[in-house]
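The sequence and the structure come before the text.

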Amino acid sequence: MTPSAASRSLVASAGAGEATVKPKKAVPKKVAVGETTGPAMKAVPKKVPAREATTQPGAVSSEPDQPTGQAAQASVANPFDALLAMLSDIAGSVLGDGAQDRIAGAVEFLSRRLTGSYEVDMFGFDPEFTEAILLPIMRPLYKLWFRVEVRGVENIPASGGALLVANHSGTIPMDSLMTQVAVHDQHPYQRHLRMLGADLVFQIPIISDLARKSGTTLACNEDALRLLRNGELVGVWPEGFKGVGKPFSERYRLQRFGRGGFVTAAIRSGAPIVPCSIVGAEEIYPMIGNIKPLARLLGIPYVPVTPTFPWLGPLGLVPLPSKWIIEFDAPIPTDEYEPAGAEDPMTVFDLTDRVRETIQRRLKALVAERGNPFV
Amino acid sequence: MPQVVMVTGVARFLGARFAKLLSERANAPRVIGVDVVQPALDLGKAEFVQADIREPVTAPLLDEHGVDTVVHMNVLATPRDAGGRIPQKEINVIGTMQLLAGCQRARSVRRLIVKSSTTVYGASSRDPAMFTEEMAPKVSPRSGYAKDSLEVEGYVRGFARRRPDVRVTMLRFANFIGPDVRTPLTEYFAMPVVPVVLGHDARLQFIHEDDGLRALEQAVTSDVAGTYNVAGDGVVMLSQAVRSAGRPAVPLPGLSAGVVGGLLTRASIASFSPEQVQFLTFGRGVDTTRMRAEFGFEPDYTTVAAFESFASARCRDGLLDRDRVSRAQRTIAGLLDITRG
C-alpha cells in the first residue's frame, strides 16, 4: 500500500464509524484537500468546526470517494496544497506518531529560542540550552566512550549549597564536563553543577560563551560565595592548570591545591565540602611533552605533546577511550567552623589538607581497583 | 523635604522628564532646570535658567535661588550629542568640577544627588558575575563615558569630604531603556541587522526609564545618602535581547573593539567607543541588594520587562519579529496536525 492509499483507508474506516485511533484525521484532510484554496495554514482554524462533523456517520461515509476526486480538483486548483498533502502523507508514514510530537516540541523549542523567550540566571546560565543541547552532545562520550561509572552520588546533598572539590587531569578539562554530566544524570534531583573556571576559559571566544551558558563562572571568591549562598552545587578543581597539564609520569599525584580560596568560600557560607575523585581522565591525552616556547608565544599554559597529538593531526584530538570512575566521598561539614575561621590560615590549610588527603587516598584505591585503564 | 531643587542637564530627555516629574508631584518643591541650550521638551512647572555649568556660574545661581538640593544629571554618554569627544569630556568633567566648586561655596546646599553609571565597573573577562558597590573595576575604564563617570565619582567623593554637612547620594544606573529614551544602546537594537561580537555573549542589565526617574525622585525626597547600584532584576543575554527585538544578529570577529565600533560610527547609527564595545562583548551584572535594603527602592520593571517595553515600542518590524516566528510555528504545527490527524 502506498502511503496515500494507507491514509485514505484510515479515512474510510473513520467514515465507517469504527472507533479507530485517528477519527480526526479524516476531517482536516477533507478540509485541506477539498475546501481551502489557500496555503495549508488556513486549514488550522477551520479544523475545529469541521471536526464536529465526524460525529455524523452519514456525512462522513461518503468520504472514501471524496479525497480522490477532490484531490484531483485540488491539484488543479492548488498545487501547493497537493504538495503539502503528499509531503504530510510521506512524513506521517515514515515518522509515525511519536516523532511528530517530538518534532512539534522541537519546533516550539526553536521558536522560543528564536524570540529570546527563555530564562537566563544572573551568571548567564541557560538551563534549557544546557539540557537540550550541551548535555546531549556530551552524553555519548560519557556513556559509550568513557563508560563513566559513578559512585557515592548520595553524598551530594539533595538541595542547598555544597562545594564539590575534585582532582584535575587530562590535558584539556574534559573531566569537568564529564562530572557535570555525571551529576546531572545520576543525582535523583538532576542538580546542575555550577563550575568555577580559570581566567583563560573566559578569554577564549566561543568557549567562554558556552561555558557561561552551561553554568560555569569565573573562579573568584565573590562568585563562589554568591553561588553557595544561593544554594547552588558548585564544582571546583583547585589544582587548576598544574593538574590538567601534568606530565603522564605524574599521573594521579595531586598537585598543590592553590591558596585554599575554595575552603574560605565554603566556610563563609557554611556549605559542606564533597570530595570527588575522578579516575580515567589522566589517560585520555597522555601528555609526554610540552612545547614551552610555543606556549609562551601563544600565551597559554602549555602546548601538549601526546602519543597522537601533533603527529596524527586532527585525529590526535580524539581522546583515548579510558574507563572512568567518579566517586564522591562523604561530605565534610563546615558549619562547625566560625565564620572568622575563613580568615585564619591555619584553619584553611587544615581543611584543605584534609580534602586533599581524602581525594588522594580514594584515587589510589580506585586506580588499584580499576586495573587496566582501558577496560 | 527639599524646598528648592536645581536640576542640571534639563535639555536632554531624562533631565527634562525628571524636572517635569518633580515639579508636578504632590508637595512639589520649586524646581530650577539648568542647561546650556533651551530644552525642546516640556519641563512641566519647572523654571529654566540658561547657563553653562562649565563656567563658574553655579555659585551665584545657588545663592540667588536658595537651592538646597542639587541633582546633577549632566554627565553625557554620547559624544555625538555634545559635538564630539572633547566637548563631551569638558561638559562631563569640567562641568562637574565647576558645579561642585559652586556647591561647596553655597551654604544653602544640603543635598547632592548624582546620576552616575554602572559603566564605572568596566567590562572585562576577569569580572565577577555581579558587582557590589564597594568593588573596584577589574580593568579600569580608560576612555569615554566610563572614564568620565569614574572621574566624576572621584570629584564627588572629594566634595563629600570637604562638605561633610551635605548628604551625597550617588546612583549608579544600569543602561536606561524604554519606549522613549534614546541612547546608543537603543539605537543599536533598533538597527535592522545587529552586529555582535563573535564568540561572546554579553550579560546586559537594564533600568526602565520610568524606574530610573522614580529612583532619582526618591533620592530627592528621602534623606538616604551613599552609593547605590540601580538596575532592574535579572539579566538578559545580548543574543537573547537581539532575538527579542526580532533582529538577526551578525557575529563579527571582535578582537579589535575598533572594528565593530568604527563600523557603527561610520554608518552614523550609533557612536560606540571602545569601552562600549567591551561592554557589548562581556557585559556586566550589578548587585542591587543595597538598593532594596538600604536605599529602599524597588523597580517596577525587571531587566527583561524593561527590554520588552522598549522592543514592543521600537522594534516591531524586524526580520525575526515575534509575530513572524509564531506564524511560522503555527504553519508547521498545522502541517504536523494534518499529518497526525
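B:Met97 is partly exposed because 17 other C-beta atoms lie within 10 Å (buried is 20 or more other C-beta atoms within 10 Å of a residue's own, exposed is 12 or fewer, partly exposed is in between, with C-beta atoms placed from the backbone). B:Met97 sits in helix 4 (residues 85-105) of chain B. Its C-alpha atom is separated by 9.4 Å from that of B:Phe159, 62 residues apart along the chain.

This is a predicted model, in which local features need pLDDT of at least 70 and side-chain atom pairs count only at pLDDT 80 or more, while totals for chains, interfaces and linings use all residues. Residues are numbered from 1 along each chain as its sequence is written, and chains are lettered from A and ligands numbered from 1 in the order in which they are written.

Chain A has 15 helices and nine strands (DSSP runs numbered from the N terminus: H or I of at least four residues, E of at least two). Of its 375 residues, 39% are buried.

Seven strands of chain A form an open sheet with mixed pairing, in the order 1-9-6-2-5-3-4 (two strands pair if DSSP finds at least two bridges between them). Its edge strands, strand 1 and strand 4 of chain A, each pair on one side only. Strand 6 and strand 9 of chain A run antiparallel and are joined by four bridges; A:Val279 stands opposite A:Ile325 in strand 9 of chain A.

| Strand of chain A | Residues |
|---|---|
| strand 1 | 149-151 |
| strand 4 | 217-218 |
| strand 6 | 273-279 |
| strand 9 | 325-328 |
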